[in-house]
Amino acid sequence: AYRDMVSQLADHNSTVAEDDRLSWEGQFIFRPKNQFTDSDWRLTKESGVSWLYVGVESMIDHIRSHMGKKFSNEDIFHGLDRCLDLGINVKFLMIVGYVTESEQDHREEIMIYQRLKKYQSILRFSLGSTLAILPGTPLHAMSSDLGITLGPKEDHWYNENGNYQDRLRRRNEKEQALTELGLWDPNAWHVKI
């Protein structure tokens, strides 16, 4: 369905005047290069894409895996390389303080941000606040199994990886690192404490 859509949009855009070309933006998943080929990337660009919003959530593979996200950092960097080559803008939507994020994971993610500086012309981050565990969600249902103690507010839970104040500190440290690298989107919704 995606290939059909971008093929039709690319065909349209190749037959009309520049002022009549269509553009679009939308949520996207970085897939392995054997699933999303160079031809797919070229058609995506020719279809008029202006922004791809990717729910990366974390730059740590094992954290994304726990969330059920089926793409690796290798897939992310391959996708970013193609976007950089083609001039496609990307915004990473992130979750700070996922239940399996340790202090070591937090530090490792900030180190990975250094590798992302080369994408500064096309990449921006949106952090939001910190992870809230909402009633009725799988994390809420699994909270005992995951060693989570729920708090009076949905984001005031804690486990062996920290508490609300730890997650707020990590969130602000991530924003600071992204700002210094020119990757922070100051227009994104965010909370700073």
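Modeller: Happy to! Keep in mind that this is a predicted model. Let's begin with the largest nonpolar core, which has 47 residues. The members that touch the most others in this core are F30, M59, L80, F92, L116 and L123. In soluble globular proteins, nonpolar side chains tend to be buried together.

Let's zoom in on L80. Leaving aside residues up to four places away in sequence, L80 touches F30, V90, F92, L116, Y119, I122 and L123. Helix α4 covers residues 73-86, and R82 also has its place in this helix. Is R82 buried or exposed? R82 is buried, because its relative accessible area is 17%, and buried means under 20%. With residues up to four places away again set aside, R82 touches D38 and W41.

V90 has L123 in β4 as its bridge partner. Strand β3, residues 89-94, pairs with β4 in the parallel sense, over four bridges.

These strands belong to an open sheet of four, ordered β1-β2-β3-β4, with parallel pairing. At its edges stand β1 (24-28) and β4 (123-126); each has a single partner strand, so one side of each has no neighbour in the sheet. From one strand to the next, the twist averages 20°.

Key. Residues are numbered from 1 along each chain as its sequence is written. This is a predicted model: local features need pLDDT of at least 70, side-chain atom pairs count only at pLDDT 80 or more; totals for chains, interfaces and linings use all residues. Side-chain values use heavy atoms; hydrogens and water are left out. A nonpolar core is a set of buried Ala, Val, Leu, Ile, Met, Phe, Trp, Tyr and Cys residues joined through side-chain atoms within 4.5 Å. Buried means under 20% relative accessible area, exposed over 50%, partly exposed in between (1.4 Å probe, protein chains only). Contact means heavy atoms within 4.5 Å. Helices (H or I, at least four residues) and strands (E, at least two) are DSSP runs, numbered from the N terminus. Two strands pair if DSSP finds at least two bridges between them. Axes are lines fitted to C-alpha atoms, for helices over the stretch in contact, and angles run from 0 to 180 degrees between N-to-C directions.
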